[in-house]
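The sequence and coordinates are shown first.

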Amino acid sequence: MRTSVFRWLTRLRTAILAAALLTSACACSPIQPWVKPYEREHLADLIMGLDRNPVSSTYLDHVFETREGARGATGAVGGGCGCN
Amino acid sequence: MRNRIVAMAAMLALALPAWAGTGGVQAPGFTLQSVDGRTVSLTQFKGDVVMINFWASWCGPCRQEMPLLDSIYKQYKDMGFVLLGVNVEPDAHSANAWLQKTPVSYPILYDPKSQVSQLYQVQAMPTTVIVDRQGIVRFVHNGYLPGDENQYMNSIRSLIVQ
Amino acid sequence: MAALCLAAVPALAGVLPEDRVDALYHRYQGGGITVQGPSILVQKRIGDHFAVNANYYQDMISSASIDVLLSASPYKETRTQKSVGAQYLHGKTTYSAGFINSVEPDYKANTAYYSVSQDMFGDLTTVTLSYSRGWDQIYRDIKSNGVLSNDPTFHQRADHRVYGLSISQILTRNLVGTLNYQFSSDQGYLASPYREIRYIDPNNPVGYTLAPQIYPGTRTMDAFSGSLKYYLPYRAALTGQYRFFTDSWGIVAHTLKLDYVQPLRHHWTLDGSIRYYRQGAASFYSDLFPYANYSNYMARDRELAAFHSITFGLEASYAFSIPRLTWIQKSTATLSFDRMMITYLDYRDALYSKFDPGAIKAGAEPIYSLDANVYQAYVSLWF
């Protein structure tokens, strides 16, 4: 069970990195990004951050995890200014 | 005026290949309002080396690079060099507030409808474009990391002497 | 295609986290338990490509909970957790790794984690793959002559592996979406050395007899979640998140969370949230087993019971400036309050029969419910 998950994840990672290389290395992908870099004003706003206060969100996640059976899949990185 | 920009943009869009990177193309002309109320056109600077920097007050690397751009401008402005800061924000309020705190001496132009950003196919914030004395785009740089100002100065130095 | 790409734009970089320090005081009070302590988090960039972070966290526990009162006695203990981590940014890829160490008198846990995050597609998409591995050592405290110490005959281990995949996608100028999947695998001693199950025993005055719990030695879990975050035109943000959880113990759980953040004029920001959680019981859970040795696996831990909970949260943050210290770019002070209300569906308050034997039939005690208050006060400095 463990090794098949690991193999699947390795293949998935290769696929993702291949896709990343194609789409990020050049402006030649078939679909152009529909939100331009100069249109990201609202997304760059602090209130749109996916995890604004990690010290607090980590603590609250811990409070819920100790009392509940479920755990995980609570956050992601991304969004934001997209600068550089 | 706006129809002229649109017409120019349409012609150039048809003629322009995907030049995301190396230049060698005639820099698209534009006319924008500046911070001090004047109307500024790119054609005014024919014969000068022109550096166009696309920036926004919400963009950290943009704010970081602007004081350095200011010193570059002061260093080369008497040698036939001009720096135009194009602000891409739809609302000038935040840009003006930031310029109050951190003023620069080079002209700042407003592009509230992103017309010039689209014309120049801006792909990152900030984007710096350097145009030579004949109006050809010679250098395009996406983003800003400390040390990039050296690349700008190398490019300016080689174009100034032409 | 390849030739065109060669003449392309140079690789664009992602962004490292900002330099900041957070000092938090946390306090949980509910169900006879009080847990409080500090959490200090420091994040610092080093150069243009590296960032490091460190966290010091403590739980000072004072527990007279329903579980403790049923089969043990109130206790106090402290758990200390220290973690360090680093991030390396190369082009559009961010590599992170870190280590967490948690120590309390009867539980020592070490966790190592690693993740890779890739910005792509004009920086509209971020894909993150993560892996973490935990090694736990479990002991049992016993009281002799009023002093707590480890039972030398009890030493167990547990291993954890977590694989994660996250995708965040900018959908419009005002909307960000995320999808997360997490697969976890636990192995070893997954029970509690202190908790017990109860089974019906007519020979016992209280109507039941307590017995050790028996847990499976493995557990695999799947969690799927999605969220949307929307920027409102008058400058506010609304977030909705849903998570589905299922595991090999038969637990199915749903979590729904709504969050609204509203900056106000004059330095204030308010944040309100509602969280609804619903869980189905584990297959080997029962509040009261019909007889001894009913099944191979038996548990009465309320964390595995069927219950639903609703949590209301309110947070107020004030941005202030410190004129003397110009190297501090921004500083905020935040107060946060959460009220968590848990209603169990098949977990009963067995203390009723314990303290009043014969008055209430075993299995007819009132259903237990729990209200807890969670307080946080923290100061954040950006430099």
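The model is predicted. Chain C holds three helices and 18 strands. Its C-alpha trace spans about 85 × 50 × 40 Å along the principal axes. Of the 383 residues in chain C, 30% are buried. Among contacts in chain C with a separation of 6 or more, 57% are between residues 24 or more positions apart.

Strand 4 of chain C covers residues 75–90 and strand 5 of chain C covers residues 93–104; strand 6 of chain C covers residues 107–120. Strand 5 of chain C pairs with strand 4 of chain C and also with strand 6 of chain C. The two pairings are set out here.

| Strand pair (chain C) | Sense | Bridges |
|---|---|---|
| Strand 4 and strand 5 | antiparallel | 11 bridges |
| Strand 5 and strand 6 | antiparallel | 12 bridges |

In the hairpin formed by strands 4 and 5 of chain C, two residues lie between the strands. Gly91(C) sits in that turn and has a positive phi of about 65 degrees. Across this pairing, Tyr88(C) stands opposite Tyr95(C) of strand 5.

The hairpin that joins strand 5 of chain C to strand 6 of chain C also runs through two residues. Here Val103(C) is placed opposite Lys108(C), which belongs to strand 6 of chain C.

Key:
Residues numbered from 1 in each chain as written. Chains lettered and ligands numbered in written order. Predicted model: local features only at pLDDT ≥ 70, side-chain atom pairs only at ≥ 80, totals over all residues. Helix = DSSP H or I, 4+ residues; strand = E, 2+ residues; numbered from the N terminus. Buried ≥ 20, exposed ≤ 12 C-beta atoms within 10 Å, placed from the backbone. Contact = placed C-beta atoms within 7 Å. Pairing = 2+ DSSP bridges.
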